[in-house]
Amino acid sequence: MRFEFYTEALENVPKLSVDGTVDNSIHFSHWEGNSTPTEVKADTSTEIALNLVASPNRAALTQGVELVTNNHFDTDGALSCWTVLTGERALAYRELLISAAEAGDFSEFTSDDGIRVSIAIQGSDQASPNNDDGSPLARLLAGEEVDDDAHAYNLVLPRVEHLLTNINEYEPLWREGWESVVAAIESFERGKSKVVEHSDISVITLAPELFDGTGFSPTRHSAPYTAISKFARGKLFVIAIPTTSGWFYRVDYPYYSWAETVVRPHIARRDLGPVLQLLNSKEANPDGRWKTDNREMTSAVKFLDSAGTLAASRLEPDDVADVLQKSSSLAAVS
């Protein structure tokens, strides 16, 4: 087996599309639209890859194809490709590999080391597989910033097993991100950040001290997704961040919901148009609008200013949840 990052040069070459879904290939992926064989399907591409290398039908499933490819770089992509390349030896790390993939793609906390491995590879605590900040591990190995996904794979794949077995040696790569995750979880455990469930809507209010002690900045901070995933149970998340003039809001679907999953339930997208009209009719801040926002893979709605940046709404969190919950427009559209 060998890896090559996907380019158009591979379009008509026999290949295994691991994690991403590229045309003219055999898929081992959880991305929507995949044609992954049913017998190996799972919630993350890394678990799919583990099922593949453990399968007695591996040769038939891969049809003798030796080329592994992917079209983006992130934790699940790197670990699933490494698993297929490594074969049965990867099975010794099954639990850790799946935990790290769930942390990277779904912002879920299933083990300490899973979070740490993911941060070292992907560099952030986020729901989206797309990471503009670059890989800390690739940066360490290159001695400089790495903004090319193909180069990141070439650097990281040979080092995956060492990372899995020596995670503490890489502490400088994950320490800051890990401390942020822990602080967010402790904030919920102490009741400073809170979740209130309204039927299938989770209203999450975040403590301002989570954000560097200086308050939330829409251009610098993101919500603590891993902690939210640990405590919220709804099919739609209303995330409210206090500011001196109101609340910054983002309405998100659960963070696994962008993928095709087997164990985790399907979360249908909703027609929120009428909800936005009602929210805007109730909104007292004329400098922002409630708008559909799908720039991120699980985002649904935000209250934004004219520049597309989070603005401070004057609606209270429970009022936003009440509008969402009571509106007849919550019928699924997918």
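# A friendly tour of a predicted protein model

In this protein, the mean positions of the 28 positive and 50 negative charges lie 5 Å apart. Here Lys and Arg count as positive and Asp and Glu as negative, while His and the chain ends are not counted. Each charge is placed at NZ of Lys, CZ of Arg, CG of Asp or CD of Glu.

Please keep in mind that this is a predicted model, in which local features need pLDDT of at least 70, side-chain atom pairs count only at pLDDT 80 or more, and totals for chains, interfaces and linings use all residues. Residues are numbered from 1 along each chain as its sequence is written, and side-chain values use heavy atoms, with hydrogens and water left out.

**Overall build**

- The protein has 12 helices and 10 strands; helices (H or I, at least four residues) and strands (E, at least two) are DSSP runs, numbered from the N terminus.
- With a radius of gyration of 21 Å, close to the 20 Å that the globule rule gives for 334 residues, the protein is as compact as a globular protein of that length. The radius is taken over C-alpha atoms, and the globule rule is 2.2 Å times the number of residues to the power 0.38.
- Along the principal axes, the C-alpha atoms fill a box of roughly 60 × 40 × 35 Å.

**Inside and outside**

- Of the 334 residues, 56% count as buried. Buried means under 20% relative accessible area, exposed means over 50%, and partly exposed is in between (1.4 Å probe, protein chains only).
- The accessible surface of the protein is about 14600 Å², and 46% of it belongs to carbon and sulfur atoms. Such areas come from the Shrake-Rupley method with a 1.4 Å probe; for residues, only the protein chains shown count as cover.
- Among contacts with a separation of 6 or more, 59% are between residues 24 or more positions apart; contact means heavy atoms within 4.5 Å.

**Aromatic pairs**

- A pair of aromatic rings is described by the distance of the centres and the angle of the planes. Rings of Phe, Tyr and Trp (its six-membered ring) pair if their centres lie within 6.5 Å; planes under 30 degrees apart count as stacked, over 60 as edge-to-face and the rest as tilted.
- By this rule, there are 13 aromatic pairs. One of them joins Phe73 and Tyr153 edge-to-face, at 5.0 Å centre to centre with 80 degrees between the planes.
- Phe73 lies in the loop between β4 (67-69) and α3 (75-86) and Tyr153 in helix α7 (residues 149-156), so this pair ties together parts that are 80 residues apart in sequence.
- Both partners are buried: Phe73 has 8% relative accessibility, and Tyr153 has 0%.
- Phe188 and Phe231 form a stacked pair, with 5.0 Å centre to centre and 15 degrees between the planes. This pair also links distant parts of the chain, with Phe188 in helix α9 (residues 171-189) and Phe231 in helix α10 (residues 225-231), 43 residues apart.
- Phe188 is buried at 9% relative accessible area, whereas Phe231 is partly exposed at 26%.
- Ring pairs also link Phe3, Phe5, Phe73 and Tyr153 into a cluster.

**Residues with a positive phi**

- Most residues other than glycine have a negative phi, and most peptide bonds are trans.
- Asn24 is not a glycine, yet has a positive phi of about 55 degrees. Asn24 sits in the loop between β2 (16-18) and β3 (26-28) and is partly exposed at 48% relative accessibility.
- Gln63, also not a glycine, has a positive phi of about 55 degrees. Gln63 is in the loop between α2 (58-62) and β4 and is exposed, with a relative accessible area of 61%.

**Places to find in the model**

- Pro242 belongs to strand β7 (residues 236-243) and is partly exposed at 25% relative accessibility. Leaving aside neighbours within four places in sequence, Pro242 is in contact with Leu206, Pro208 and Trp247.
- The C-alpha atoms of Pro242 and Thr38 are separated by 45 Å, and these residues are 204 residues apart along the chain.
- Asp112 is in helix α5 (residues 112-122) and is partly exposed at 37% relative accessible area. Its C-alpha atom is 40 Å from that of Gly273, 161 residues apart along the chain.
- Arg269 is found in the loop between β8 (246-252) and α11 (273-282), partly exposed at 21%. Between the C-alpha atoms of Arg269 and Thr298, 29 residues apart along the chain, the separation is 9.6 Å.
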